[in-house]
Amino acid sequence: MLAERLRELIRARGPIPFRDWMEAALYDPVSGYYNRSDRKRWGKAGDYRTSPERSELFAATFARYFAKLYDELGRPAQWTIVEGGAGEGWFAHGVLRVLAEEFPAVLVATRYCLEEISRDSVSRAQQNLSEFADRVSFASVSDVAIGIYFSNELLDAFPVHRINSSGELHVTLDADDNFIWTTGDFSTPRLTEFLERYAIELAPEQIIEVNLAIDDWLTSVAAKLKHGFVVTVDYGAEGSELYDPLLR
């Protein structure tokens, strides 16, 4: 069980940052939420619905936008659409269907790569996209000469650090082996750099979440995409709203 493995980790290492806890809960290869085959995560019968599952209009709108970007890139003979965190492939299916129906010349030039770390989701996506098997691949790409890197509600699924005015929140064990909060030193100097960069001063008892993985993700995408566009859909707010203690 994941809970017991986390207990063993804490006994061996001491308190662990919440960021590590969250990563295990979501992405553990065996018992993480996104890798469990017994969970119905997306769709009306699942735990939540994102835009591609709610309406075909979402994928259709972006398919037409992608076709426009294809023209702006000079209508290359080949180009690549990479979708990060592609889930069960519903967005990809919608995009490829509209390209097939309305922009067949674009479809012929398109290689669609789904990047997804959940083996269970990849298995489901392969079934959902079987009619476009000649257009899609599921391996992470290291180099995109020309194309688009797209993601929908990916960034808010990255593990986050939780910090307050005293330090970083960690998870530890009490005398009865229950998981409890504790506060410790920052697990990485990047947290101090983040606070300084955005001039954040935390009030007593204020807790904020810091998603350092977004910068790492953008760096990796920039390294892969030689010429094209990054299009990402997610939630967010201005720093002044996120970190002002009077607004929390």
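Predicted model: local features only at pLDDT ≥ 70, side-chain atom pairs only at ≥ 80, totals over all residues.

Visitor: Why is the pair R11 and D177 called a salt bridge?

Guide: The closest N and O atoms of R11 and D177 are 2.7 Å apart, and a salt bridge is a side-chain nitrogen of Lys or Arg within 4 Å of a carboxyl oxygen of Asp or Glu, so the pair qualifies. R11 lies in helix α1 (residues 2-13) and D177 in the loop between β7 (167-173) and β8 (179-184), so the bridge ties together parts that are 166 residues apart in sequence. Helices (H or I, at least four residues) and strands (E, at least two) are DSSP runs, numbered from the N terminus.

Visitor: Is R11 buried, partly exposed or exposed, and what is the reason?

Guide: R11 counts as partly exposed because its relative accessibility is 45%.

Visitor: Why is R13 called exposed, whereas D20 is called partly exposed?

Guide: R13 has a relative accessible area of 53% and is therefore exposed, whereas D20, with 23%, is partly exposed. The side chains of R13 and D20 also meet in a salt bridge, at 3.7 Å from N to O.

Visitor: How do you know that E102 and R64 link distant parts of the chain?

Guide: E102 forms a salt bridge with R64, their closest N and O atoms being 2.7 Å apart. E102 sits in helix α5 (residues 90-102) and R64 in helix α4 (residues 56-72), so that the partners are 38 residues apart and the pair links distant parts of the chain. E102, at 38% relative accessibility, counts as partly exposed, and R64 is partly exposed as well, with a relative accessible area of 37%.

Visitor: What makes E4, R7, R11 and D177 one network?

Guide: These four residues, E4, R7, R11 and D177, are joined by salt bridges that share partners. A search of the whole structure finds 18 salt bridges.

Conventions: Residues numbered from 1 in each chain as written. Heavy atoms only, no water. Buried < 20%, exposed > 50% of the residue type's maximum accessible area, 1.4 Å probe, protein only.
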